[in-house]
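Dear colleague,

Please find below the structure that I am handing over to you.

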Amino acid sequence: RVDEWTDVDRKRVMNDIISTMFNNKFMEELFKPQDLYSKKALRTVYDRLAHASIMRLNQASMDKLYDLMTMAFKYQVLLCPRPRDILLVTFNHLDAIKDFISDSPGILNQVDETFRRLIETYNCLSDGEFQLIRQTLLIFFQDMHIRVSIFLKDKVQNSNGRFVLPISGPVPWGTEVPGLIRIFNHKGVEVKRAEFTTAGNYVTPQREGSFELYGDRVLKLGTNMYSVTRPVETHMSGSSKNLASQAKEHTAPNPLAKEELNFLARLLGGLDIQKPAGGESGFRLNLFTTDEEEEHAAQTRPEELSYKVINIEATQ
């Protein structure tokens with residue numbers, strides 16, 4: 001509930017979070033070749049970023065915000081027409097962030113620098129490498145089936161928390177609308193054609209999205225989901241609740257845990273968390289309708305899905 005915030009408050013919170021997120025040292029660490037983070041490591045980074053301003057969330061609201069973020073990103077990666085379009089989704093994210101800080105030149109320059117790093121690092125990758133990236137991301141999210149109201153209402157998510165793949169719409173750029181079979185002989189010459197009826201209504205995309213610093217991304221994945229105002233709700237699906245039976249597997253000691261936490265210490269060492277000054281208490285963000293609902297959500301959330309905040313301190 002942020003109805004009591006002023007425009008100045010909202011702008012300050014956005015500027016603080018975005019400037020921390022695109023801190024140069026943080027970006028340098030992120031762009032180093034490395035293994036995928038564990039879920040707990042990702043949650044730790046996310047908590048630190050979310051609290052990089054005067055805004056504060058308690059455990060239940062933080063869990064809900066994290067659920068929404070992870071499921072929205074899973075949806076975007078899952079529905080990418082082709083693996084390379086993951087980059088266009090990322091560019092849509094950055095385009096939206098730049099709109100938030102359009103009148104803050106210093107922070108805007110930080111985002112543009114990250115934009116250039118992305119273009120330099122990923123534009124040259126092959127389709128096979130993007131497919132490997134996509135598979136790696138989906139494996140990370142494959143056991144997460146949390147229901148989100150906006151997806152349920154748009155019927156892109158089933159009641160069990162699994163996403164619905166569309167069978168109509170634009171085909172990936174560089175491909176043809178299905179419905180034609182070509183048969184070639186041993187010399188590579190086409191000798192016969194056969195048509196078949198498809199279950200969906202496919203169309204050819206008009207153009208490819210821009211992979212440059214500025215341009216029309218064409219792809220809508222990664223743009224604002226809330227262009228129409230709707231309530232935000234997340235619910236545990238039955239399959240997610242059943243993860244409790246697998247808790248022992250997740251609590252087993254990890255021999256690489258120390259190394260991973262040491263890396264996070266270096267990673268988060270470059271983040272300057274903004275502390276409220278003087279008598280300023282900051283803002284509390286509650287993603288539930290009432291405080292009682294928030295408290296109930298914290299008590300009923302499955303233990304294995306509640307990622308506690310990890311305090312890490314970098315040492316020599």
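Phe 115 is buried in this predicted model, with a relative accessible area of 0%. Phe 91 is likewise buried, and its relative accessible area is 0%. The rings of Phe 91 and Phe 115 form a pair: their centres are 4.9 Å apart and their planes stand at 40°, so the pair counts as tilted. Distant parts of the chain are linked by this pair, since Phe 91 belongs to helix 5 (residues 85-100) and Phe 115 to helix 6 (residues 105-122), 24 residues apart.

In total, the structure holds 7 aromatic pairs. Another of them joins Tyr 75 and Phe 151, whose ring centres lie 4.9 Å apart with the planes at 35°; this pair is therefore tilted. Tyr 75 is in helix 4 (residues 59-78) and Phe 151 in helix 8 (residues 149-153), so that the pair links distant parts of the chain, 76 residues apart. Phe 151 is buried at a relative accessible area of 3%. Tyr 75 has a relative accessibility of 15%; because buried means under 20%, Tyr 75 counts as buried.

A further group deserves mention. One aromatic cluster is formed by Phe 73, Phe 140 and Phe 141. Over the ring of Phe 140 sits the charged end of Lys 39, 4.5 Å from the ring centre.

With kind regards

Key: Residues numbered from 1 in each chain as written. Predicted model: local features only at pLDDT ≥ 70, side-chain atom pairs only at ≥ 80, totals over all residues. Heavy atoms only, no water. Phe/Tyr/Trp six-rings, centres within 6.5 Å; stacked < 30°, edge-to-face > 60°. Helix = DSSP H or I, 4+ residues; strand = E, 2+ residues; numbered from the N terminus. Buried < 20%, exposed > 50% of the residue type's maximum accessible area, 1.4 Å probe, protein only. Lys NZ or Arg CZ within 6 Å of the ring centre and 35° of its normal.
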